[in-house]
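Please look over the sequence and the model below before reading on.

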Amino acid sequence: KLEPVARLLLALAYGLIMIYLYRELSERWAYLGFEYRPVGMLLLPLLTLAALPAILLPRRPGSVAEFSSWILFFTLFIPAMVIPQLQGWVTGLRAFQLFSVLFASTCLFIVLNRRRGRTFPLMALNRRLFWIGVLAIWGLLHGSIMIFLGDSLSLAGIEQVYEQRSEVATQLQGGLILYVITNASGALNPFLIAIGIVDRKWVLIPLGVIGQLIVYSTLAGKIVLLFVLLVAATFLLFDRPAEMRPMRIGLGMTPVALIGIPLMLLRETVGPILENLVDLIYMRTLYLPGVLVGAYYDFFSTYPITYFSHSIVGRYFSDYPYGIWSVGQVVGAYVTPGAGYQINNYNANFIAADGITGLGLVGIPIVVILASLVLRLADRLLGMLDLRLRCAAFVPFLMWLADGSLFTALLSGGGIAKA
């Protein structure tokens with residue numbers, strides 16, 4: 001009976017630490033949108049309201065959809081509700097409208113995901129042929145990467161990341177190899193690691209890790225390496241194969257945030273490697289989603305929405321209003337006008353990149369419903385599989401949702417490939 005209260009208190013604790021860290025981040029990254037303007041007496045009511053949906057979170061998730069409610073509540077919904085109110089770009093009635101829609105959409109997402117439907121029976125496959133096919137696809141994907149990019153591959157150190165990314169990006173130019181790279185890192189390799197742990201096929205774990213290293217050697221995406229840790233960490237949430245303890249998500253993320261306080265204060269004295277790691281975890285992964293919700297809402301309150309012409313879904317039905325520049329580029333140029341269109345590409349989470357970009361505030365609950373439908377469909381297709389396997393394999397897809405478009409996550413983040 002006390003667990004809903006415990007969830008609420010945990011969300012409040014996480015939110016308080018998040019606000020403190022965001023204020024510290026603003027001192028270094030204000031020019032990238034991390035502006036901080038105190039809201040005074042409104043801070044406690046704001047944080048309390050943002051934490052309230054925690055009461056609705058499922059006590060014992062039994063599906064990927066319910067698991068995603070926990071993950072996205074901490075990584076996306078809390079930052080999206082709180083941080084735009086601290087940036088100072090959106091004020092008055094507009095700020096109230098944004099918060100209200102986000103609050104209602106968060107509750108809607110959690111409630112929709114609590115409904116479980118009947119699962120479809122799994123297709124009967126010859127086990128040996130299945131694994132021959134999986135390993136052949138692994139070889140084809142990673143072989144294509146090595147052949148196509150050749151001498152450009154490099155396991156870049158943390159200080160050489162951007163040089164490596166720039167060198168490889170000139171060769172890719174939006175080709176099909178990008179889909180190979182993203183589906184290998186977001187779908188196939190996490191699946192191999194997860195099923196290796198579940199079925200104790202230990203040889204599959206290093207195969208998945210090697211695959212992630214090959215992918216990392218292309219664009220030096222640090223999140224690719226983080227996927228390995230997140231997939232493995234998912235198993236720590238389970239006491240038994242079908243019994244998840246989701247409070248451990250909040251209990252894990254809150255200390256991570258808490259550790260960030262001394263790290264943030266010492267970031268300039270701990271050396272470049274740890275400094276970059278701090279920026280990756282706290283600036284890039286945990287709090288940038290909230291910053292971009294504020295940036296996108298502020299931008300599209302003034303400039304035309306796209307009616308989804310920026311995505312594969314709507315490009316055939318309406319004209320894209322920003323010419324050759326992507327949405328991330330025009331928002332990046334809006335936030336950092338001195339950098340131009342080609343420096344800061346502000347690709348955002350599905351709330352901002354699909355909802356706000358496509359239809360403004362009205363688009364937020366629409367894309368939340370779409371995301372819930374996608375996750376529930378995945379449960380119906382894969383519901384006969386071990387819950388640990390499903391949740392662990394889908395962690396990269398959920399991270400894509402917190403950092404990218406739903407449609408991109410489906411095509412490039414391994415959503416369709418997993419199903």
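This is a predicted model: local features need pLDDT of at least 70, side-chain atom pairs count only at pLDDT 80 or more; totals for chains, interfaces and linings use all residues.

Residues are numbered from 1 along each chain as its sequence is written, and side-chain values use heavy atoms, with hydrogens and water left out.

Helices here are DSSP runs of H or I with at least four residues, numbered from the N terminus. Helix H5 (residues 127-149) packs against helix H7 (residues 177-198) at an angle of about 140 degrees, their axes lying 10 Å apart. Axes are lines fitted to C-alpha atoms over the stretch in contact, and angles run from 0 to 180 degrees between N-to-C directions. H5 is therefore oblique to H7; angles under 35 degrees count as roughly parallel, over 145 as roughly antiparallel, 65 to 115 as roughly perpendicular and the rest as oblique. The crossing of H5 and H7 is left-handed, a term that applies if the near helix is turned anticlockwise from the far one by less than a right angle, with clockwise giving right-handed. Ala, Val, Leu, Ile, Met, Phe, Trp, Tyr, Cys and Pro count as nonpolar, Asp, Glu, Lys and Arg as charged, and the others, Gly among them, as polar.

Trp 131 of helix H5 has 13% relative accessibility and counts as buried, which means under 20% relative accessible area; exposed is over 50% and partly exposed in between (1.4 Å probe, protein chains only). Leaving aside residues up to four places away in sequence, Trp 131 touches Phe 191, Leu 192, Ile 195, Lys 201 and Leu 204.

Helix H3 (residues 64-87) and helix H15 (residues 387-403) pack at about 35 degrees, with axes 10 Å apart, and the crossing is right-handed. The contact includes Phe 67 and Ile 71 of H3 and Arg 390, Cys 391 and Phe 394 of H15. Its residues divide into 12 nonpolar, two polar and one charged.

Cys 391 is buried at 0% relative accessibility, and Cys 107 is buried at 16%. How many disulfides does the structure hold? There are zero, a disulfide being a pair of cysteine sulfur atoms within 2.5 Å.

Finally, Arg 7 lies in helix H1 (residues 3-29) and is buried, with a relative accessible area of 4%.

Definitions and conventions
Helices (H or I, at least four residues) and strands (E, at least two) are DSSP runs, numbered from the N terminus. Contact means heavy atoms within 4.5 Å.
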